[in-house]
Amino acid sequence: MNVNQHTPMASPYGQPQPGYGQPGYPPLDGGYPAPYAPYNGPASAYQPGVPPQGPARGPPTSAPPPVSAPQQYNQYSHSLGDVQNGPPPMTQAPPRPAGSQPYNQGAANLTGAHPSYPQHYGPPPTMEQVTNQMTRMQVTSGPPTPAGPGYAPPQSSQPPISTSYQAAPQPSYTQAPPPVSSTPTQPPSSGGPAAPQQYFAGPPPPSQQQFASSLPPTSQQQFTSSVPPPPSQQTFPPSSFSGPIPPPSRAPAPPASQSQQPFPTPQPPFSSAPPPVNQSGFAAGPPAQSSFPPQPPPPSSQPGSFPPPGPPPTSAPSGQYPTPMPHQQQPPTTQPSPYHPGPPPLRAQMPPTSNHLPPGPQGPSCPPGPLGPLQQPPSPQTGYPPQQNGAFGQVRSPQPGYAGPYPGQPNYGAPAPAPAPAQKRLDPDSIPSPIQVIEDDKVKTTEPFTTGVRGQAPPLVTTNFQVKDQGNASPRFIRCTAYNMPCTSDMAKQSQVPLAAVIKPLATLPPDETPPYLVDHGESGPIRCNRCKAYMCPYMQFIEGGRRFQCSFCNCVTEVPPHYFQHLDHTGKRVDCYERPELSLGTYEFLATVDYCKNNKPPQPPAFIFLIDVSYNAVKSGMVSIVCHELKSLLDHLPRENPEMDSVVRVGFVTYNKVLHFYNVKASLAQPQMLVVSDVSDMFVPLLDGFLVNVNESRQVIESLLDQIPEMFADTRETETVFGPVIQAGLEALKAADCAGKLFVFHTSLPIAEAPGKLKNREDKKLIGTDKEKSLFQPQGGFYNNLAKDCVAQGCCVDLFLFPNQYVDVATLGVVPVSTGGSIYKYTYFQAQTDQERFLNDLRRDVQKPVGFDAVMRVRTSTGIRATDFFGSFYMSNTTDVELAGLDCDKAVTVEFKHDDKLSEETGALMQCAVLYTSCSGQRRLRIHNMAVNCCSQLADLYRNCETDTIINYFAKYAFRGVLNSHTKAVRDTLVNQCAQILACYRKNCASPSSAGQLILPECMKLLPVYLNCVLKSDVLMPGADVSLDDRAYLRQLISCMDVAETHVFFYPRLLPLVKLDSSSLPMAVRDSEERLSKGGVYLMETGLHLFLWVGASVQQELLLNIFGTQSFSQIDSSMTSLPVLNNPFSQRLREIIDSFRAQRSRYMKLMVVKQEDRTELIFKHFLVEDKSASGGASYVDFLCHMHKEIRQLLS
Amino acid sequence: MSTYQEFIQQNEDRDGVRFSWNLWPSSRLEATRLVVPVSCLLTPLKERPNLPPVQYEPVVCSRANCKAVLNPLCQVDFRAKIWACNFCFQRNPFPPSYAGISEMNQPAELMPQFSTIEYIVQRGPSAPLIFLYVVDTCLEEEDLQALKESLQMSLSLLPPNALVGLITFGRMVQVHELSCEGIAKSYVFRGTKDLSSKQIQEMLGLTKPAVSGQQGRPVAPQDAAAASCKFLQPVHRVDMNLTDLLGELQKDPWPVPQGKRPLRSTGVALSVAVGLLEGTFPNTGARVMLFIGGPPTQGPGMVVGDELKTPIRSWHDIQKDNARHLKKATKYYEALANRSAANGHSVDIYACALDQTGLLEMKCLSNITGGHIVMGDSFNTSLFKQTFQRVFSKDYNGDFRMAFGGVLEIKTSRELKVCGAIGPCVSLHSKGACVSENEMGIGGTSQWKVCGLNPSTTLGIYFEVVNQHNAPIPQGGRGAVQFITQYQHSNTQRRIRVTTIARNWADAQSQIQHIESSFDQEAAAVLMARLGVFRAESEEGPDVLRWLDRQLIRLCQKFGQFNKDDPTSFKLSESLSLYPQFMFHLRRSPFLQVFNNSPDESSYYRHHFVRQDLTQSLIMVQPILYSYSFYGPPEPVLLDSSSILPDRILLMDTFFQLVIYHGETIAQWRKAGYQEMAEYENFKQLLQAPLDDAQEILQTRFPMPRYIDTEHGGSQARFLLSKVNPSQTHNNLYAWGQETGAPILTDDVSLQVFMDHLKKLAVSSST
């Protein structure tokens, strides 16, 4: 299968690719192969692989060509201008061959590079699933112990260490990879550079981190910290590095490195250093890569992934590492060292090959299970493996190995053992580490992700990578929970793996990726299937010489309109295939005709209406004057399609308290006019002409207005507000103007004034935990639901900015924004001084971001499955059409699929998401995203190709919607159950038989428990005492439209140790646990909504000086929201990092400085999601045990 | 006879009262036989330059249900300092302040020449005048511009302390806040929603709880009025503001699709205006001045839909009961009018449009509240501009010729009762001993509210003699009537004008001659006409005509001298001689004839007819025709087609129109330009003479008449031809010879035919 798939894919795509990608690639050619390989690798891995591998390896060298192909592609796609040129494809043709090669290469690479890869792809990893007896261990702690115990100790102790380790290692790790992977990926574009930078940071940090980490952990740690850390780190890193890991991955990398060199730009530092490193690493491995060592840390998971490389490394490393080691020894013992051994050697020699091989055999299916042991060995080798599921089981065993690396960090070694056993506690380091998985993926992802291969899982959301559209939608648009869907509903039911896709239709692409092409099929509109109305796409099969096409969704045959006719080539493809985006790309847009417009009239340009609360609270908090002041400049940045032109978006202004004030800002007026509408019970728009105006024409009047609004209401005493009428007003205005648009509502308080939509205060914490709790999430009355319906019908999107000082009933106020595709922003206790920045940035972004209006989204699927459920910010009036009054680039919709028939492995499952919308210039368009995934009849295939982050996204949305109708506890139980079933099913059907006490997790789902636990512990499902109802409702609504990247960081915040900041890479994150914090360190945490800077109580003075410019801990002003601008590289870099984090997220994150032991630390600790939460949420370790218990119950 | 005419004239000059009969029949039975009821035209505020008001309060009868004011008819015991009420015969002591009176030292109110006297009362705070402009913005640019200028100009005519307010409307209704600096604010109401007064006040932030009005300015409870100041401001303070505001006034910004009328929310606008005043200045004189350029097309009070293809109702539709909105709209405006009247606010309507504007439905607003109605073709005409200017005309004292919040109370001696009043007033439902059960006009009360008054406002008051036939009135007994009018003078003083008149009783059987000679046929004609018009509002046209005819015939039978069944023997005495002629013209007048008039026009004419004084009313009934020729000075001539001669210039004044008609020859001369030649100076003068006279009339008339300059054969000549008695028509043209006038192409009966029939019927023994 795989093979077949690939080939076809490759060939067709390959050609086009050349055209598209070339620009970017050229440089790569040389070096790229490596990157390329990795990807293919996975595929190859699956395939029995071996054979492919063989060739693959050969090809590696040849690989470049393939690379070139992709490059061409890029060119093609390149917005630069070549974009649509058909010709390129032709030229590219040659590349294709490469395509095939790439394959092989890929394989080869995989083997080599892959350590990381395998993980993703599963086969290897899965196989490796760690068979830890963990559960038992945990539970009984005793029995399994033999192996475990030994490990355990280290682990326990390690945790702290590991944190430090991880941090350290990863960075280093990353660095290492960067050269390899990063370069490749980066070359294509800017994307690369960023990545590298982060990596860079790595190396140095590691050492520091270790230090830090050692401290925080515990007394033991202290112990360790004082002495061990330094040494261990040093030693370790190198050792771990040395090894195995780098080599394997790098082996392939080397080529990459070469390529990198060309690209050096992005990673200047890297290029120079890394290449050598890698190579050296390979060759000499251990020594050279002192920098790499960090990698090893990941050990826990690594075992699995690395296995191949591992073994050799293990041996090698171990040798090298000796220091670390006590553990190592153990691991080997317990671990299937035997296996490893094999691989290791290979690796040593041919890392790539070796890798392949191992996976190969294992890969296909269950091998993982058995491999587990193997993995372990590998784990020891390199830090990498950790990623692999193996983590659990292996952990222990591997740990030993790991230990080596990790423990390596001597520090632990000593202290750890003792404590761990004593506690009888599962070693956090032995369980799958999200950080490790993330880092491994980064390493593995060394080249652009091409979407041509069906059923190929993309890199994780945490990884920077470039995407080349070769026929399927980019993962930036669509991410699936499973890239290999079960063929039958029975299988689906058995596995319980949710089949869902997270679609972000208007996602913004990085500048180096081409935005979707606009296709105009003329007056007759887009070509569509006669029966199912699917739009022309690459899956359509042209037959009868091109006179007809067969829809691959419903199999109906449709005539090709004469003007669209084109001859077919000998392969049955249209000759113009690569000239037409709709025939060769996964994502493109059609220009819609009037038939697609409301009332068959071309739409009017949209309008933005700003509705500002001017009641006492709003004025006093400064909100009014801030908004007015900001709008003056912001209005120049309304969204537009052509940056050269003025925006056609019209604007209108309304202020309100108990009554509404409309403003006439007609250009011909000398002064704006205020029109007060007090008839809030029956809202209407008092004027049309003059209310919605073009900014440029009415600039003076508008400025005068914005100047005067704050003055006018400066001494208002009105405290009551209305809300329903405010939205009605905007809606009516849009209706009157007959256009779609967006309302920006700036609101402060519970609307208690007499008017429709009046709310009463129902905040009653006593209801929490009772059956009535769900009512708190439900809106009061049906008024807002109806209003939302009206808004959607008109294409009126509502964005709500809340500035509450008390309960405002977000659950109710949010109904309209949530149903209309809008956003809610909440600034509790807004204070101009501290919150202004955050608010303004949010506002700016919200106003400026690309947005479509009056959208309807429809997901069509091939026969056999059906989109059955949708989650997000929208409204549905029937079961198939998702209606969005507004759809911006940050909104994602999660779609769940169910079987209604059988799928076939041959054709796979297709889905086409069509979004009809009005662009911000008033053009009606259709955006089409096509996605094809594989189908499997073996459960193992399913488990090999899942994406946990997406699953979590689905689960979170599912659960957060569930709380509307069910008790939160029931919702939590459902989640746990389903998760347990998923894992149990795997254990039962895919994992090799082993002791029931062993917890075996599929490689690609090994983080499911930890993430799920985060979901369960979220404020929505398990609120702490200090979490207001509004906050819960707010979060609940917020999640509903988040994409995978956002949910990921939201549930598992990114925690970066700030030790030494490299100019180009980020320090490697540490796990979200207090144990990983060092008292002497400073940490930066990002949750997507918050940004914390945690300062340890005994922080080094140098850090203080660098960051805060103060001498002592006590002088830090914890109320600051931005760091002082200091002229030192550390400060600059830190601020850069913060800025870059903020730029990544759709909402601006306010910086909160948290001093250890300070009151505010509680808030911070809340986000240390691996720990027990104050509200009763289980720690990761506990939850994992619990999960294991559940699984065992299911199995028995 | 002449004595009676003098008496009548003297009485009118002094008291502003003209009775139909100046001798009253002493019994009910006889009174009814007189056909024309005992009734009078009262001009409560007739200008009396020689009547300085007295600065004290009137002395009233102490009987609770009498409260008549001390007057010259009262018997006074100067020694006992007691006076006897001449209505209820209650004996009342004089108040202490009258301690010094004696026969030689009588207070003014006791002197016979002060049968009408005016008191200035120092009661309550004096409130400023209030003018609330309600302006339609669905106008053509040109009209709107003209209107804006007129309004701006009017600001300069207002007393500086007068309060002004501005409401504009189109599709929406905007109440403009005048006190603000910077951004111009206005409160907007949807034009389709009927709001209660309370809601309106709440929405305007006028109610107490809404303490923090728009700006959140603290509004202390005691100055709720201060809150209203947002909308009603002294002219001197907001002069500039308002001028600018008016200047920036835009045409209603809502697009009007093809084939549609603009949406005009006149109903809601008025409702808001009334509600605003109601909430802020109840019982204070205020004028709502409504300017409209078309019919209300939406919301409550809508008169016609916005589809142009459905024309506005015509009389034809109304007769066929085809006017969908008529009843509802009328009811709506009546309710508004009553609310407004209850608070003493009057509503003016200035309607300028080529088509109808819904005056039929809205007329009650002005009729009930004493407001003006002015109808024109465009705001950009001198007719409107000057008329509007004249609203603010001042009297010899420099005070506005307007008064507000008048309450008219009537006291009668026992033999008389009040049946009702017809005029711009509304009943106060004050039942008393002197209220008759027999209603004529607005009856059932002895008190009426007249919200807007001016010196020419005239009411017709109808009485009933209730004395029974068998209870003769003592010889020399006199019946007395007292009119007490309390009002707010335009200088904001509260005043009370008291007019007490008395007439002798006469026994109709023995003194029928005297009674006949006391007949005031002019007053009677107008009073009967008012009754007819009043009936016409609620009855079918033909019924009213029949009723009028019957009354006329009965009158002729009663007072004519004739031999039975001999029409030629029929004669009427001089005191009745003109009466049939008045009736003839009344029958043809637009007040009773709706043919050729739109419902709006009819309403407009009737509106003015029931409020103008006797002279003007007579002109309306029977237009005046002057003839100018070389043969002598201008002379009034018969309103007859025979007066239309080629060598004459005619000037006809119908009150509503002023027509100058050049006879055929004159017209030819004029066309030939003789007037330009020095030797024909006299011709030039002849041409000029009627123009000068017309100017004179134009100067004084309110509202400005339509000025028409036409000539023989001109299309506008129809205004003249439709009025004159069609003594010569195409039917009898040849019977009358050539040179005597112009034939009128009509089938209407001429006066001669009318009179012949009248005689025939009067002498007929069968009736």
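How many bridges join strand S15 (residues 673-677) of chain A to S11(B), and in which direction do the two run? In this predicted model, 5 bridges link the two strands, which run parallel. Helices (H or I, at least four residues) and strands (E, at least two) are DSSP runs numbered from the N terminus, and two strands pair if DSSP finds at least two bridges between them. Within this pairing, Val677(A) has Val188(B) in S11(B) as its bridge partner.

Residues are numbered from 1 along each chain as its sequence is written, while chains are lettered from A and ligands numbered from 1 in the order in which they are written. As the model is predicted, local features need pLDDT of at least 70, side-chain atom pairs count only at pLDDT 80 or more, and totals for chains, interfaces and linings use all residues; side-chain values use heavy atoms, with hydrogens and water left out.

The interface of chain B and chain A can now be described. Here 25 residues of chain B are in contact with 33 residues of chain A, contact meaning heavy atoms within 4.5 Å. The size of an interface is often given as the accessible area lost when the parts come together. Between chain B and chain A the buried area is about 2500 Å², with carbon and sulfur atoms giving 53% of it; this is the accessible area (1.4 Å probe) that two parts lose on being put together, summed over both. The rule finds 3 salt bridges across the interface, a salt bridge being a side-chain nitrogen of Lys or Arg within 4 Å of a carboxyl oxygen of Asp or Glu. Arg190(B) forms a salt bridge with Asp682(A), their closest N and O atoms lying 2.6 Å apart.

On the side of chain B that touches chain A, strand S10 (172-177) and strand S11 (184-190) of chain B each supply at least two residues. S11(B) gives the most, with 7 residues. The residues of this side divide into 13 nonpolar, 8 polar and 4 charged, where Ala, Val, Leu, Ile, Met, Phe, Trp, Tyr, Cys and Pro count as nonpolar, Asp, Glu, Lys and Arg as charged, and the others, Gly among them, as polar.

Chain A contains 55 helices and 30 strands. Of its 1196 residues, 69% count as buried; buried means under 20% relative accessible area, exposed over 50%, and partly exposed in between (1.4 Å probe, protein chains only). Among contacts in chain A with a separation of 6 or more, 81% come from residues 24 or more positions apart.

Over all chains, the structure holds 79 of them. Arg925(A) forms a salt bridge with Glu589(A), with the closest N and O atoms 3.4 Å apart. Because Arg925(A) lies in strand S25 (residues 924-936) and Glu589(A) in strand S11 (residues 587-591) of chain A, the pair ties together parts that are 336 residues apart in sequence. Both Arg925(A) and Glu589(A) are buried. Salt bridges that share partners also join Lys742(A), Asp799(A), Arg845(A), Asp846(A), Lys849(A), Asp888(A), Asp890(A) and Lys891(A) into one network. Arg580(A) and Glu582(A) meet through their side chains in another salt bridge (3.4 Å, N to O); Arg580(A) is partly exposed at 22% relative accessible area, whereas Glu582(A) is buried at 0%. In chain B, Arg18(B) and Glu12(B) form a salt bridge with closest N and O atoms 3.1 Å apart, and both residues are buried.

Some backbone details complete the picture. Lys533(A) has a positive phi near 70 degrees and is found in the loop between strand S7 (517-519) and strand S8 (541-543) of chain A. Asp854(A), with a positive phi near 50 degrees, is found in strand S20 (residues 851-861) of chain A. In chain B, the peptide bond from Phe702(B) to Pro703(B) is cis, with omega near -10 degrees, and Pro703(B) lies in the loop between helix H19 (681-700) and strand S29 (706-711).
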